[in-house]
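Dear colleague,

Please find below the structure that I am handing over to you, together with its sequence. My notes on what was found in it follow directly after.

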Amino acid sequence: GGIFGQQKVTVLKVGDRKSNDISFSVSTPKLEIIKQGYDENGKLKRLKGVTISIYQNGNFVKSGVTDDNGHIDFGNLPAGKYTAKETSTPKGYVLDTQEQTFEVKASIGSSDNIVLNFKNSRYPNISINKKGYDENGNLVNLKGVEISIFDKNNSKIASGLTDESGNINFGPLEDRVKVGETYTARETKTINGYILDSTPQTFTINKTTSSKQDIHLSFVDKR
């Protein structure tokens with residue numbers, strides 16, 4: 001049961017022998033999803049490839065994936081109370097765990113669509129810059145220095161070597177980090193002629209809305 005989409009209901013007047021009846025349509029509104037996320041400049045943009053799932057009384061009903069315009073048209077649902085939640089999101093974005101509840105009500109004639117809006121924050125990009133003092137006491141970028149990132153259990157989750165500009169861009173590491181947890185970056189190997197910088201640097205992963213909130217760490221080696 002339940003009313004789904006549009007149904008034509010015929011009512012016969014009592015005592016009407018001419019079978020002149022009254023017809024009207026009972027319908028439920030369509031459900032639409034609009035999905036947005038913050039880009040690196042802090043501007044909201046429509047997100048493609050986000051999966052939104054619909055549940056009723058804890059039971060899965062259906063799911064859909066946002067198109068190029070960050071849109072899903074779920075069509076008409078039977079009357080009742082539902083929950084919508086995000087179940088997967090594109091790389092670099094934090095899964096929106098906030099569920100949204102809504103009620104589909106049947107009405108005579110047309111009714112406005114139900115539109116739910118979801119927004120995603122970003123994981124911060126993690127980058128390292130490595131410098132060292134040359135023979136003249138000038139700071140220069142160091143290539144080939146290894147920097148590693150460790151979690152709270154001191155397990156290594158990422159490692160990389162600095163490029164010619166002394167940089168490592170680890171990216172968001174969204175498959176290895178969790179929002180709210182603290183991590184440690186350490187220099188684990190240096191190059192000939194330099195002393196390893198043994199001072200660890202800690203940072204916490206927070207939801208971000210622009211690249212201004214990304215994590216940038218700097219290490220300096222002495223000779």
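Lys-130 counts as buried because its relative accessibility is 0%; buried means under 20% relative accessible area, exposed over 50%, and partly exposed in between (1.4 Å probe, protein chains only). Lys-130 forms a salt bridge with Asp-221, and the closest N and O atoms are 2.3 Å apart. A salt bridge is defined here as a side-chain nitrogen of Lys or Arg within 4 Å of a carboxyl oxygen of Asp or Glu. This pair links distant parts of the chain, since Lys-130 is in strand β12 and Asp-221 in strand β19, 91 residues apart. Strands (E, at least two residues) and helices (H or I, at least four) are DSSP runs, numbered from the N terminus. Asp-221 is likewise counted as buried, because its relative accessibility is 0%.

Please note that this is a predicted model, in which local features need pLDDT of at least 70 and side-chain atom pairs count only at pLDDT 80 or more, while totals for chains, interfaces and linings use all residues. Residues are numbered from 1 along each chain as its sequence is written, and side-chain values use heavy atoms, with hydrogens and water left out.

Glu-187 also forms a salt bridge with Lys-130, with the closest N and O atoms 2.3 Å apart. Glu-187 lies in strand β17 and Lys-130 in strand β12, so this pair ties together parts that are 57 residues apart in sequence. Both residues, Glu-187 and Lys-130, are buried. The structure holds 9 salt bridges.

Another of these joins the side chains of Glu-181 and Lys-152 (3.5 Å, N to O). Here Glu-181 is in the loop between β16 and β17, and Lys-152 is in the loop between β14 and β15, 29 residues apart. Glu-181 counts as partly exposed because its relative accessibility is 22%, whereas Lys-152, with a relative accessible area of 61%, is exposed. Through shared partners, salt bridges join Lys-130, Glu-187 and Asp-221 into one network.

Which residues touch the most other members of the largest nonpolar core? Among its 22 residues, they are Ile-126, Ile-128, Ile-149, Phe-170, Ala-185, Phe-203 and Ile-205. A nonpolar core is a set of buried Ala, Val, Leu, Ile, Met, Phe, Trp, Tyr and Cys residues joined through side-chain atoms within 4.5 Å. The elements giving two or more residues to this core include β12 (126-133), β14 (146-150) and β19 (215-221); β19 gives the most, with 3 residues. A second, separate core of 17 residues includes Ile-52, Tyr-82, Ala-84 and Phe-118.

Glu-99 is placed in the loop between β8 (80-88) and β9 (100-104). Its relative accessible area is 42%, so Glu-99 is partly exposed. Leaving aside neighbours within four places in sequence, Glu-99 is in contact (heavy atoms within 4.5 Å) with Thr-83, Ala-84 and Lys-85. Although Glu-99 and Lys-85 are 14 residues apart in sequence, their C-alpha atoms are 4.8 Å apart in space.

Finally, a word on confidence. The mean pLDDT (the predictor's confidence in each residue, from 0 to 100) of the protein is 90, and 89% of its residues reach 70 or more. Over residues 7-13, however, the pLDDT is below 50, and this stretch has 18 contacts in the model beyond near neighbours in sequence.

Yours sincerely
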